[in-house]
Amino acid sequence: MGAAAVGDGGAVFGRIRGWQRRNWRELSKAQRVELQSVVTWYATTWSFSLFWLALPLVGGLHRQPAALVVGGLLLLVGAAQCMEANRLTRPVLDHYLGRAELPPRALRPAAVLLTLALTLATTLAALGGTDAVTARLAIGASLLPFGMLYGLVPPMGVFLRRSALLAVALMAVFVAVDPDPAGVVMVGVMAMFGTLFSLLAGRCGAWTLSVLWEAERSREVQARLAVAEERLRFGRDLHDVMGRNLAVIALKSELAVQLARRGRPEAVDQMIEVQRIAQESQREVREVVRGYREADLGVELAGAQGVLSAAGIRCGVTGEAVGLGGEVQSVLGWVAREATTNVLRHGDAVQCDISLHVHQNRVVLTVENDGATSPSGKAGSGLAGLRERLSAVGGTLEAGPVGGDGFRVTAEVPLSVREVTA
């Protein structure tokens, strides 16, 4: 039986670890921070209810029928406040972050529970059902669940003014119930603490999340712009290759049509020239698409560093392409472009390191980044295309996860490559 219990416990922890791998790693850094903040707010609400209400009330409640009834109701209402606060945390946060509108009466149940809790705490103090400190702690514990929510809804000035009015009203009630000056001051202190804590823990945390999400959106925009810039550069290269050739083909085709209508034999020569230019254009386009155009690897590495830096990703480049052959630079330049694009489009990288070195007559290019969130078992079509291009010149490509959330692309090419034809 003990072995079965151990096995069940291992299965539970295995499911938890599986959930973490499937879900936690798929979240961006901003989503992780938001999830941690929300869980912290959940725990904070219950912690104050436990340590400021439940434990003091259970220990200090007088054993009188009226006090026991009021105290028990206060505990139930406190638990209901915590559950209602947990239920509304996400909608209120979405409202503060501008992601969704909060219904006009969404906080009404929480306000009713707050009123009921304060009434019960005041009644308990009036009955003398507990000591003065416990009664004041119950006031603070009743204010916090609602304050954590309401602190995110109105403007800060409105929240402070209404909190001050509530504090004055509570102090006035306790002047009538228990005119002890120290006790009245303590009620005001509890109300002020609830207000400040709601601002610091609730509103300041939500403001931090709003700044984080704004930075996340800016980074996404920068990444899209960087990818768009790379596409425009590729488009310019393709235009440079095809623009003149297409213009010549159009002119010579028109000339061939005119010559054919006149029965001139030169029309055949013109069409042969059109065919030659078309074949040459096809070869050049294939070279552009497959990355076989001569390229300066040093320029490609500098461009990758600039694009990643513009997207807010720290990028370090080690090694130089000086002395490498044109074919080696061309094929590794395409690897650098594709790997850089993958860093921008996939994952949530903060750091990317690019290294280039020669090892045993082979040139090795390594691109490693953190923040990889793509499924590790699925290779993209871009990487598959790179493997085909590298294998055609005797090179190899390895790509996969490394460490916790890292991803590494390693390309090896012989120092002297020859294109392999079928």
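1. How many of the eight residues of β3 are buried? Six of them are, so to speak, under cover, and the strand is mostly covered; buried means under 20% relative accessible area, with exposed over 50% and partly exposed in between, using a 1.4 Å probe and protein chains only. A word on the basis of this note: the model is predicted, local features need pLDDT of at least 70, side-chain atom pairs count only at pLDDT 80 or more, and totals for chains, interfaces and linings use all residues. Residues are numbered from 1 along each chain as its sequence is written, and side-chain values use heavy atoms, with hydrogens and water left out.

2. Now the overall picture. The chain holds eleven helices and five strands; these are DSSP runs numbered from the N terminus, helices being H or I with at least four residues and strands E with at least two. Of the 422 residues in the chain, 40% are buried. Among contacts (heavy atoms within 4.5 Å) with a separation of 6 or more, 74% link residues 24 or more positions apart.

3. The sheet deserves a look next. Its five strands follow the order β1-β2-β3-β5-β4, in an open sheet with mixed pairing; two strands pair if DSSP finds at least two bridges between them. At the edges lie β1 (314–318) and β4 (396–402), each of which pairs on one side only. From one strand to the next, the twist averages 10°; axes are lines fitted to C-alpha atoms, for helices over the stretch in contact, and angles run from 0 to 180 degrees between N-to-C directions. Helix α10 (residues 326–345) packs on the sheet and touches β2, β3 and β5 (406–414), its direction making about 10° with that of β3.

4. β1 and β2 (residues 351–359) are parallel, over five bridges, and Arg 314 has Gln 351 in β2 as its bridge partner. β2 and β3 are antiparallel, over eight bridges. These two strands form a hairpin with two residues between them, and Gln 360 in the turn has a positive phi of about 55°. On the β5 side, eight bridges join β3 to β5, again in the antiparallel sense, and Val 363 stands opposite Val 413 in β5.

5. Asn 369 sits in strand β3 (residues 362–369) and is the bridge partner of Cys 352. Asn 369 counts as buried because its relative accessibility is 8%. Beyond its neighbours within four places in sequence, Asn 369 is in contact with Val 343, Ala 349, Gln 351, Cys 352, Asp 405, Gly 406 and Phe 407.

6. The 32 residues of α2 (residues 29–60) should span 46 Å at 1.5 Å a residue, and the end C-alpha atoms are 45 Å apart, which agrees; the expected span is 1.5 Å times one less than the number of residues. A kink of about 35° is centred on Leu 50 in α2, the bend being the angle between axes fitted to the seven residues ending there and the seven starting there. In helix α4 (residues 108–127) you will find Thr 122, which is buried at a relative accessible area of 14%. Leaving aside neighbours within four places in sequence, Thr 122 is in contact with Ile 139, Val 173, Phe 174 and Val 177.
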